[in-house]
Amino acid sequence: MTQPVVRALDVVDRLERDGRTLLLLEHRVVELNPLALAAYDAASEPVALDALTGTLVDRFGAPPDGDAGDLVRGVVDELLALGLVAES
Amino acid sequence: MTTLDLYGLGVHSRVTVEGPRTDELLDALRAVWSRCLAPRGGEVPGEDLALTLEGDPAPLLQRFTQDVTQAAIKAQRGRLFMFHAGAVTSPATGATLAYVAPGGTGKTTLSAVLGRTHGYVTDETVGFTPDGRVLPYEKPLSVRPKDFTGVKVETSPDELGLAHVHPDAHLRRFVLIRRDASLSAPQVEELGVLDAIVQLASESSSLSSLPAPLQTLAAFLEARPPTLLVTYAEAEQARDLLVDALEES
């Protein structure tokens, strides 16, 4: 089965202060939690969902409960809903 | 048919007034837009608007104010920072306090209260350049008449006795306002720059059309006194606190 590929979409502007990051889209500002921000940044070049999961596990460790792949799938779904990534 | 020129938010709008009641409508427009009849200089051209009076002038004038506001915002897209806010200036210095809130939160009432002593800038949309120069928009205020039947009446800041804007209006401080009828005294909270930006962005017009808007707005806020979140029940209750927030900053 072909892996979904995730690609970050450009934002208008980005602001980082004190470990927090704001992203400005066309009509709103969003603040991402560290995991979602890492996923967004890791998808600056198109990345397969499995590879993205591996990158995030390497950085944050495996989740204490549940499956890392399911967790990252949920994060990507949130980014899709915000208009921050596209999936193909 | 005749034309009327209006100036506000740094925009020149030309209004064509038509129909058998042209004179009546022109008189009403000149009265309620009394502070927007003369240019300040440097206005950008806005949309040409047309107006014909049929029936009751009150709802027509109210809609017209909204049309002028939207046209001015459109004309300044990509040029100004613009927020849903009322604002007043210090009579001594021109330092400007902008109180930001969604519609229906009480910006007009607060403008009428603060404007008794501090120059009326606007009760709807504050526009300023990245270096903080405020472009006043001294529009009519929509106020409830004594015999309120659902239609507010456009009323000139002159008729309400509001003070005139300082000629050197420059934005000094933002306040986010919220209403809570249960409060017996206003509550104040200082916001960090990021939290302020999140709140301000939701009440901005075309923020994304400016160059590096988050970076620019952050630098702007960091160079000024902290943005305040003020929650109050009635405008009179918050007056002294807001005046202090401007004058002490």
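In this predicted model, helix H2 of chain A comprises the 12 residues 49–60.

The buried residues of H2(A) are Leu52(A), Thr53(A) and Leu56(A). Around the helix axis these residues cover an arc of only 100 degrees, and they therefore lie on the same side of H2(A). This pattern can be set beside the geometry of the helix: an α-helix has 3.6 residues a turn, so residues three or four places apart point the same way. The cover over the buried residues of H2(A) includes strand S1 (5–8), helix H1, strand S5 (47–48) and helix H3, which belong to chain A.

Two packed helices are described by the angle between their axes and the distance between the axes. The axes of H1(A), residues 34–42, and H3(A), residues 68–82, come within 10 Å and cross at roughly 75 degrees. With angles of 65 to 115 degrees counted as roughly perpendicular, H1(A) is therefore roughly perpendicular to H3(A). On the H1(A) side, the contact is made by Leu35(A), Ala36(A), Ala39(A) and Tyr40(A); on the H3(A) side, it is made by Val72(A), Val75(A), Val76(A), Glu78(A) and Leu79(A). Classified by residue type, this helix–helix contact has 8 nonpolar residues, no polar residues and 1 charged residue.

Attention now passes to the strands of chain A. Asp18(A) is found in the loop between strand S2 (13–17) and strand S3 (20–24) of this chain. The phi of Asp18(A) is near 50 degrees, a positive value in a residue other than glycine. Asp18(A) has 8 other C-beta atoms within 10 Å and is therefore exposed.

Leu22(A), in strand S3 of chain A, has 22 C-beta neighbours inside 10 Å and so counts as buried. Leu22(A) and Asn33(A) are 11 residues apart along the chain, and their C-alpha atoms are separated by 9.9 Å. Leaving aside residues up to four places away in sequence, Leu22(A) touches Leu15(A), Val29(A) and Glu31(A) in chain A, together with Leu194(B), Ile197(B), Val198(B) and Leu214(B) in chain B.

Those contacts lead to the interface between the chains. The contact takes 12 residues from chain A and 12 residues from chain B. On the side of chain B that touches chain A, helix H4 (193–201) and helix H5 (213–222) each supply at least two residues. H4(B) gives the most to this side, with 5 residues. By class, the residues of this side of chain B divide into 10 nonpolar, 2 polar and no charged.

Between H4 and H5 of chain B runs a loop that holds Ala212(B). The phi of Ala212(B) is near 40 degrees, again a positive value in a residue other than glycine. With 15 other C-beta atoms within 10 Å, Ala212(B) is partly exposed.

Elsewhere in chain B, helix H2 comprises the 19 residues 57–75. At 1.5 Å a residue, H2(B) should span 27 Å, and its end C-alpha atoms are 26 Å apart, which agrees. The buried residues of H2(B) are Leu61(B), Phe64(B), Val68(B), Ala72(B), Ile73(B) and Ala75(B).

Finally, Pro45(B) lies in strand S3 of chain B, residues 44–52. Pro45(B) has 10 C-beta neighbours inside 10 Å and therefore counts as exposed. The C-alpha atoms of Pro45(B) and Gly10(B) are separated by 8.8 Å, although the two residues are 35 residues apart along the chain.

Terms used:
Residues are numbered from 1 along each chain as its sequence is written. Chains are lettered from A and ligands numbered from 1 in the order in which they are written. This is a predicted model: local features need pLDDT of at least 70, side-chain atom pairs count only at pLDDT 80 or more; totals for chains, interfaces and linings use all residues. Two residues are in contact if their C-beta atoms, placed from the backbone, lie within 7 Å. Helices (H or I, at least four residues) and strands (E, at least two) are DSSP runs, numbered from the N terminus. Ala, Val, Leu, Ile, Met, Phe, Trp, Tyr, Cys and Pro count as nonpolar, Asp, Glu, Lys and Arg as charged, and the others, Gly among them, as polar. Axes are lines fitted to C-alpha atoms, for helices over the stretch in contact, and angles run from 0 to 180 degrees between N-to-C directions. Angles under 35 degrees count as roughly parallel, over 145 as roughly antiparallel, 65 to 115 as roughly perpendicular and the rest as oblique. The expected span of a helix is 1.5 Å times one less than its number of residues. A residue is buried if 20 or more other C-beta atoms lie within 10 Å of its own, exposed if 12 or fewer, and partly exposed in between; C-beta atoms are placed from the backbone. The arc is that of the directions from the helix axis to the C-beta atoms.
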